[in-house]
Amino acid sequence: MDIAQIGVAGIYAATDRFEQSARRTVGADADLVAETAQQISSKHAFEASVLVVKTGDEMMKRLLDIKV
């Protein structure tokens with residue numbers, strides 16, 4: 001698995017966790033504090049995964065610049 005695939009997998013996982021938390025939040029017996037924390041955590045995981053993809057892209061560009 002290359003770095004882009006790892007980042008994309010993280011994006012999908014974070015999005016899924018956020019969506020599940022959003023669905024639980026709608027319920028009458030939802031723990032709003034826990035769900036808010038989960039959503040914030042998912043947001044940070046999503047942002048970190050995007051940075052992984054960007055970093056992998058930058059590394060590939062630099063590698064190609066070295067080879068040329």
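Author: A crossing is called left-handed if the near helix is turned anticlockwise from the far one by less than a right angle, and right-handed if clockwise. The model shown here is predicted.

Reader: What is the handedness of the crossing in which H1 passes H2?

Author: Helix H1 covers residues 3-26, and helix H2 covers residues 32-67. Where H1 passes H2, the crossing is left-handed.

Reader: Are H1 and H2 roughly parallel or roughly antiparallel to each other?

Author: The axes of H1 and H2 come within 8 Å and cross at roughly 165 degrees. Angles over 145 degrees count as roughly antiparallel. The two helices, H1 and H2, are therefore roughly antiparallel.

Reader: How many nonpolar, polar and charged residues does the contact of H1 with H2 have?

Author: The residues in this contact of H1 with H2 are sorted by class. The counts are 13 nonpolar, 11 polar and three charged residues.

Reader: Is Ser 42 buried or exposed?

Author: Ser 42 belongs to helix H2. Beyond its neighbours within four places in sequence, Ser 42 is in contact with Ala 14, Arg 17 and Phe 18. Buried means under 20% relative accessible area. Because its relative accessibility is 1%, Ser 42 counts as buried.

Reader: Which residues does Ile 3 touch, not counting residues up to four places away in sequence?

Author: Ile 3 is in helix H1 and is partly exposed, with a relative accessible area of 36%. Its C-alpha atom is separated by 8.7 Å from that of Thr 55, 52 residues apart along the chain. With residues up to four places away left out, Ile 3 touches Val 52 and Gly 56.

Terms used
Residues numbered from 1 in each chain as written. Predicted model: local features only at pLDDT ≥ 70, side-chain atom pairs only at ≥ 80, totals over all residues. Heavy atoms only, no water. Helix = DSSP H or I, 4+ residues; strand = E, 2+ residues; numbered from the N terminus. Buried < 20%, exposed > 50% of the residue type's maximum accessible area, 1.4 Å probe, protein only. Contact = heavy atoms within 4.5 Å. Axes fitted to C-alpha atoms, helices over the stretch in contact; angles between N-to-C directions. Parallel < 35°, antiparallel > 145°, perpendicular 65-115°, else oblique. Nonpolar A, V, L, I, M, F, W, Y, C, P; charged D, E, K, R; others polar.
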